[in-house]
Amino acid sequence: MIQFENVTKSFGNRPILRGVNLTIEKGKTTVIFGVSGGGKSTIIKHMVGLLKPDRGIIRYQGRRIDNINEQELREIRKKIGFLFQSGALFDSMNIGENVAFPMREHQKLTPKELNRKIDEKLTMVGLEPSVVRSLYPEELSGGMRKRVGLARTLALEPEVILYDEPTSGLDPVTSDFITQMICRLRDEMGMTSVLISHDIAESFKAGDHYAMLFEGVIVATGDKAAFQASPNEVVQQFIHARSVGPIAFH
Ligand SMILES: Nc1ncnc2c1ncn2[C@@H]1O[C@H](COP(=O)(O)OP(=O)(O)OP(=O)(O)O)[C@@H](O)[C@H]1O
Ligand SMILES: [Mg+2]
């Protein structure tokens with residue numbers, strides 16, 4: 001579904017991606033592990049054209065997207081939903097308006113149809129529309145905001161969802177709810193997902209494929225069993241939460 005071929009990216013003179021090769025398979029959940037500041041968010045921002053590679057190729061369904069214009073990127077962004085690390089709701093809009101926003105931007109729906117879809121997406125993420133629609137983001141807990149963010153991501157019925165730390169800062173019950181949502185969307189709708197998470201236990205519940213980013217390259221990939229049994233020392237250190245030496249703090 002998405003392919004990275006030798007993607008490099010530097011910020012200033014700091015190389016962050018040094019030749020990333022990665023395949024995201026259709027209908028599967030791919031987890032990307034890596035230390036903080038290692039470039040995980042940088043990778044998924046390239047998937048929706050928020051960043052352009054210095055070198056290398058990125059394909060979506062076989063078609064290059066690393067060198068396309070803003071108009072073409074708009075079409076890609078309808079198909080690839082992005083749940084931002086920060087949640088990124090619009091504070092000045094109530095919850096209903098937040099979920100409606102991408103539909104107003106990209107679709108021509110009647111008010112009735114728009115209302116129905118807002119309620120449908122909020123219900124999907126386990127929120128009661130009649131209760132939350134008129135509330136503002138500041139009135140919600142972090143977990144509820146994450147769910148609203150997901151409802152907004154689902155609004156355009158994307159083919160792919162990119163989750164950047166969807167469970168960070170959430171209690172275990174809410175984290176597990178998000179993990180179950182990721183699995184249900186795959187199982188019931190065939191969703192393709194990319195998951196970045198430091199929550200190793202939740203990630204191993206959600207993922208089909210795993211990739212380890214280390215010093216700007218993908219150093220190991222595999223399904224759960226193969227990845228957990230990987231002879232790669234970085235993988236073993238990471239999944240068993242052992243210190244990986246100075247690189248853990250750069
Ligand atoms: N637009 C930018 N301009 C300059 N530097 C950037 C930019 N985006 C990211 N960086 C730097 O690139 C590095 C990788 O950042 P990135 O956000 O991809 O890491 P990450 O793996 O997602 O980390 P975390 O787990 O903390 O979210 C960081 O050092 C960051 O400061
Ligand atoms: Mg990040």
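This is a predicted model: local features need pLDDT of at least 70, side-chain atom pairs count only at pLDDT 80 or more; totals for chains, interfaces and linings use all residues.
Two residues count as being in contact here if their C-beta atoms, placed from the backbone, lie within 7 Å.

If we set aside the neighbours within four places in sequence, Asn232 is in contact with Met212, Val219 and Ala220. Tyr210, for its part, is 22 residues away from Asn232 in sequence, and the C-alpha atoms of the two are 13 Å apart in space.

Stepping back to the whole chain, the protein has ten helices and ten strands. Its radius of gyration is 18 Å, close to the 18 Å that the globule rule gives for 250 residues, so the protein is as compact as a globular protein of that length. Taken along the principal axes, the box filled by the C-alpha atoms is roughly 55 × 40 × 35 Å, and buried residues account for 39% of the 250. Of the contacts between residues at least 6 apart in sequence, 65% join residues at least 24 apart.

Now to helix H7, residues 172–189, whose 18 residues reach 25 Å from the first C-alpha to the last, close to the 26 Å expected at 1.5 Å a residue. Which residues of H7 are buried? They are Ser175, Ile178, Thr179, Met181 and Ile182, and because they cover an arc of only 145 degrees around the axis, they lie on the same side of H7. The other side of the helix carries exposed residues, namely Pro172, Val173, Arg184, Asp187 and Glu188. As for what the buried residues of H7 pack against, the partners are strand S3 (29–33), helix H6 (142–154), strand S7 (160–164), strand S8 (192–196) and helix H8 (200–206). Just after H7, Gly190 takes a positive phi of about 70 degrees.

Helix H6, one of those partners, contains Thr153. Thr153 counts as buried because it has 22 C-beta neighbours inside 10 Å, and, not counting residues up to four places away in sequence, it touches Gly81, Phe82, Leu83, Pro158 and Ile161. Between Thr153 and Ile65 there are 20 Å in space, C-alpha to C-alpha, and the two are 88 residues apart in sequence.

Two residues on either side of strand S7 deserve a word on backbone geometry. Glu157, in the loop between H6 and S7, has a positive phi of about 50 degrees although it is not a glycine, and with 14 other C-beta atoms within 10 Å it is partly exposed. Glu165, in the loop between S7 and H7, likewise has a positive phi, near 50 degrees, without being a glycine, but Glu165 counts as buried, with 20 C-beta neighbours inside 10 Å.

I will finish with ligand 1. Eleven residues surround it, and the closest are Phe11, Ser36, Lys40, Ser41 and Thr42.

Methods: Residues are numbered from 1 along each chain as its sequence is written. Chains are lettered from A and ligands numbered from 1 in the order in which they are written. A residue is near a molecule or strand if its C-beta atom, placed from the backbone, lies within 6 Å of it. Helices (H or I, at least four residues) and strands (E, at least two) are DSSP runs, numbered from the N terminus. The radius of gyration is taken over C-alpha atoms; the globule rule is 2.2 Å times the number of residues to the power 0.38. A residue is buried if 20 or more other C-beta atoms lie within 10 Å of its own, exposed if 12 or fewer, and partly exposed in between; C-beta atoms are placed from the backbone. The expected span of a helix is 1.5 Å times one less than its number of residues. The arc is that of the directions from the helix axis to the C-beta atoms.
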